[in-house]
Amino acid sequence: MIFSKIVGTGAYLPPQIVTNSDLQKIMETTDEWIQQRTGIKERRWVEQDKAVGTSDLALEAAKIALADAKIEASEIDMIIMATLSPDHDFPGTGCFLQPKLGLAGIPALDIRQQCTGFIYGLSIADQFIRSGTYKKILLVGAEIHSRGLNKTTAGRDIAVLFGDGAGACVIAATNDPTGSRVLSTHLHADGRFAKELWIQAPGSAYAGPWMSKERVEKGEHFGAMNGKTVFVHASRRMPEVVLEALEANHLKLSDVDLFVFHQANLRINEMVAKQLGIPEDKVFNTIEKFGNTTAATIPIGFSEAIKAGKLKPGMLVATAAFGSGFTWASALIRW
Ligand code: UT7
């Protein structure tokens, strides 16, 4: 039997810190509102006047993950790239990342599963490795949200939540059925809620031109979210999908050593922990420092948890995410 195993992790956050008080200077918001509702204190943004793309952040995280795995980039068989803030509309950001790693020729697959992108990517990597098709896969979640936010009061409900960053994992084949490995992944989507959190334009769904001045004036090129609906569904689906993963593996909540959840809102994660009865010290959060970095939150969480001494070899790790689509997913990993 072949299993997949995370053999290296890396995270890269752009150095520029944007605090809640910095946002207060450009829109009507307060540090108190942001912290009370979301737990976020600060986030990172790339320098707005520098030409840095999501693939550049991805490259930095990938280099750290490769070094951590102690392998050369040339050993990678495939790249899976999860982002909702691509370098360009097409081709996929994986295609921009691939030559930066000197890997011309290997497959580069972009997936558009937003906040759930990393776990969907992990599942895809796991399937390719278990089938024996590939031996080493680079999975990256990266976002530059800061360029696509409406940084005025009209966009404050979304602008205060999101940050830039990248996280990467090297995933490799193993034959050890009891050692470090991905135990299982569980994926879901419900497209009936696709318009509850989306960017509606440009798009092929409209009559007329791909993009118009009117659509730009209406701000349809910025993300729009029905926050309360997302909150309610996230708080329900995340515990549900964690329990699904445990049940599939005949494990109990108390068997899990660390929970690394998606970072959309500290209050969501507190609610999930409360519903599941998980002690606070078993949940690892980064949202206070980095905000919501969408597809990057989970690999950044792994890296930061390792750095903080909270994630160690042999631990059982549960991860779960919920986001636009709606999509939600979980994975159980023996670290
Ligand atoms: O990973 C992607 C998935 N996204 C999520 O999981 C987000 C889920 N949703 C949430 O986290 C919450 O809904 C938010 C934090 C986004 C918003 O919290 P809320 O308690 O649902 O607030 P609200 O949208 O109902 O807004 C309450 C008030 C409104 O004012 P009025 O109408 O009561 O006068 C908003 O205009 O807060 C106002 N408001 C703000 N005030 C200061 C909205 N954004 C801000 C802001 N600063 N940034």
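Helix 3 (residues 54-69) packs against helix 4 (residues 93-100) at an angle of about 50°, and their axes lie 9 Å apart. This is a predicted model. A second pair, helix 8 (residues 227-248) and helix 9 (residues 266-276), packs at about 45°, with axes 9 Å apart.

**Helix 3 and helix 4**

- Helix 3 and helix 4 cross in a right-handed sense.
- From helix 3, the contact takes in Thr 54, Ser 55, Asp 56, Ala 58 and Leu 59.
- Helix 4 meets them with Thr 93, Phe 96, Leu 97 and Lys 100.
- By class, this contact has four nonpolar, three polar and two charged residues.

**Helix 8 and helix 9**

- An angle of about 45° separates the helix directions.
- That makes helix 8 oblique to helix 9.
- Their crossing is right-handed.
- Helix 8 brings Phe 231, Ala 234, Ser 235, Met 238, Pro 239, Val 242 and Leu 243 to the contact.
- Helix 9 brings Arg 267, Ile 268, Asn 269, Met 271, Val 272, Gln 275 and Leu 276.
- By class, ten of these residues are nonpolar, three are polar and one is charged.

**Around the ligand**

- A side-chain N or O atom of Asn 292 is 2.7 Å from a ligand oxygen atom.
- A side-chain N or O atom of His 262 is 3.1 Å from an oxygen atom of the ligand.
- Gly 227 uses its backbone: an N or O atom there lies 3.0 Å from a ligand nitrogen atom.

Definitions and conventions. Residues numbered from 1 in each chain as written. Predicted model: local features only at pLDDT ≥ 70, side-chain atom pairs only at ≥ 80, totals over all residues. Heavy atoms only, no water. Axes fitted to C-alpha atoms, helices over the stretch in contact; angles between N-to-C directions. Helix = DSSP H or I, 4+ residues; strand = E, 2+ residues; numbered from the N terminus. Left-handed = near helix turned anticlockwise from the far one by under 90°. Contact = heavy atoms within 4.5 Å. Nonpolar A, V, L, I, M, F, W, Y, C, P; charged D, E, K, R; others polar. Polar contact = N/O pair within 3.5 Å; in protein donor to acceptor, adjacent residues only side chain to side chain. Parallel < 35°, antiparallel > 145°, perpendicular 65-115°, else oblique.
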